[in-house]
Amino acid sequence: RVGLLMINLGADEALTNRAIEELPGEISLAFLPGTPDLPRWLQRARDRGHECYLMLPVEDPSGPAERGIRPLEGNAAPAENLQRLRTAMSRGEGYVGFVVPGPSVVSRSDLIARPLMKELADRGLALVEINPNGVSAMYRLTVELGMGYARSSTVLDYKLAGQGSVDSNLERLV
């Protein structure tokens with residue numbers, strides 16, 4: 001199976017609008033939970049047929065900065081990380097799960113990930129991991145808790161240069 005998911009939407013209003021309006025509804029969209037007016041964006045995306053996710057706000061120095069959402073951190077108390085997750089979840093509704101942007105201390109540690117994955121499982125939410133290294137703690141927990149799970153095997157980078165680069169990456173994917 002092949003699925004397409006556009007991640008980190010919400011940081012740029014014009015690009016978010018283009019993604020919602022111009023991409024086919026079969027492409028899922030993952031929004032940053034700190035997106036201003038997130039409920040409106042989620043509703044617009046669902047109205048256009050897109051399945052919606054939220055990005056899991058894990059500490060990631062190379063990722064986009066969240067607005068007003070404190071990231072899940074390896075050194076934070078479990079109750080604090082759980083509160084941060086609940087804050088992210090409360091920003092909108094109608095999403096089907098969370099996207100983990102890449103390997104992190106949070107995704108590699110059963111001790112850190114367990115209460116977070118339990119919260120998501122209790123709410124019937126799924127998890128998508130972007131380029132996990134090997135079998136992550138989050139994957140093991142989704143199996144244990146009976147959650148929906150997907151992982152990426154290829155990332156089609158929007159920063160590719162040259163005409164036809166996206167086409168050649170799609171061909172490689174097929």
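**Notebook: helix packing and a sheet**

I looked up helix 1 against helix 2 and found a right-handed crossing (the near helix is turned clockwise from the far one by less than a right angle). I note that this is a predicted model, where local features need pLDDT of at least 70, side-chain atom pairs count only at pLDDT 80 or more, and totals for chains, interfaces and linings use all residues. Residues are numbered from 1 along each chain as its sequence is written, and side-chain values use heavy atoms, without hydrogens and water.

I checked the axes of helix 1 (residues 13-22) and helix 2 (residues 38-47): they come within 9 Å and cross at roughly 25°. Axes are lines fitted to C-alpha atoms, for helices over the stretch in contact, with angles from 0 to 180 degrees between N-to-C directions. Helices are DSSP runs of H or I, at least four residues, and strands are runs of E, at least two, numbered from the N terminus. The two helices are therefore roughly parallel (angles under 35 degrees).

Which residues of helix 1 and helix 2 make the contact? I listed Glu13, Thr16, Asn17, Ile20 and Glu21 of helix 1, and Arg40, Trp41, Arg44 and Ala45 of helix 2. Contact means heavy atoms within 4.5 Å.

Next, the sheet. I found six strands in an open sheet, ordered 1-2-3-4-5-6, with parallel pairing (at least two DSSP bridges between two strands). The twist averages 25° from one strand to the next.

I then looked at strand 5 (residues 126-129): three bridges join it to strand 6. Leu127 stands opposite Tyr149 in strand 6.

Last, I placed helix 1 on the sheet. Helix 1 lies across strand 1 and strand 2 (28-31), at about 160° to strand 2.

Key. Angles under 35 degrees count as roughly parallel, over 145 as roughly antiparallel, 65 to 115 as roughly perpendicular and the rest as oblique.
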